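Open the model in your viewer and keep the selection panel at hand. The tour starts with the whole chain and then moves to single elements and residues.

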Amino acid sequence: ISSTGHLIVVGQLLNFPEAIAGTFEIFIQLGAILAVIVFFLRDLLSLLKRAVKEMSARRLLLNIAIAFVPAAAVGFLINRLIEERLFNPFTVALAMVAGGIVMLLVEWRPRKPTTTEIEQTRTSQALGVGIAQIAALWPGMSRSASTLIGGMLMGLDRPTALRFSFYLSIPTITIASL
């Protein structure tokens, strides 16, 4: 479910003023990121403490940074194009349908996960998740779904892909909100 996509479609239907919609979107994203931080607070604090001594914790933090870069770079480069061409109800609805189809295809595809612990995530897997996150630049394409699907296609099991996706959401949504 893409919160941005729903805001665009519903905002258009309700004739919502664009300035108010933008502010509303920022607060929704900030609320989402706060929820993730609160939910994972103990795990995140533990990870940060362990990163001082443990290579696996440092590697996970580095992998999150690596996964952040592709969408951040592409978003920075084509932000104006995205705003001009993709922020309309038709393209948003198209993204929602396309995302749903991709989710179904990934669910139906038999797979054997190679990674079942988040700190075992390889750099190549993190980069794959980051590349998948680029799809979320298309308004209506869920960031969570894009990264979850990317993680599963890269060999992460569902729980590990979900956790990685949520950890990755912290820098991604924070920067997007700013």
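This is a predicted model: local features need pLDDT of at least 70, side-chain atom pairs count only at pLDDT 80 or more; totals for chains, interfaces and linings use all residues.

Residues are numbered from 1 along each chain as its sequence is written, and side-chain values use heavy atoms, with hydrogens and water left out.

**Whole chain**

Show the cartoon. There are eight helices and zero strands, in the order α-α-α-α-α-α-α-α. Helices (H or I, at least four residues) and strands (E, at least two) are DSSP runs, numbered from the N terminus.

Along the principal axes, the C-alpha atoms fill a box of roughly 55 × 35 × 30 Å.

Of the 178 residues, 38% count as buried. Buried means under 20% relative accessible area, exposed over 50%, and partly exposed in between (1.4 Å probe, protein chains only). Contacts (heavy atoms within 4.5 Å) come next. Among those with a separation of 6 or more, 76% join residues 24 or more positions apart.

**The core**

Select L60, I64, F164, Y167 and L168. Of the 24 residues in the largest nonpolar core, these touch the most other members. Such a core is a set of buried Ala, Val, Leu, Ile, Met, Phe, Trp, Tyr and Cys residues joined through side-chain atoms within 4.5 Å. At least two core residues come from each of α2 (18-39), α3, α4 (55-85), α6 (123-133), α7 (143-153) and α8 (158-177). The largest share, six residues, is from α8.

Centre on Y167. Leaving out residues up to four places away in sequence, Y167 touches F40, D43, L44, L47, L60, I64 and I118.

Step to D43, in helix α3 (residues 41-51). D43 counts as partly exposed because its relative accessibility is 35%. Beyond residues up to four places away in sequence, D43 touches R163 and Y167.

Next, pick V36 in helix α2. V36 counts as buried, at 11% relative accessibility. Draw a distance from V36 to F166: their C-alpha atoms are 6.8 Å apart, although 130 residues separate them along the chain. Neighbours within four places aside, V36 is in contact with F166, S169 and I170.

**Helix α7**

Is α7 largely enclosed or largely open? Nine of its 11 residues are buried, so α7 is largely enclosed by the rest of the structure. Select the buried ones: R143, A145, S146, T147, L148, I149, G150, G151 and M152. Their cover includes α5 (89-108), α6 and α8.

**Last stop: Q125**

Q125 is buried, with a relative accessible area of 0%. Show its surroundings: Q125 touches T114, T115, Q120, M154, G155 and L156, not counting residues up to four places away in sequence.
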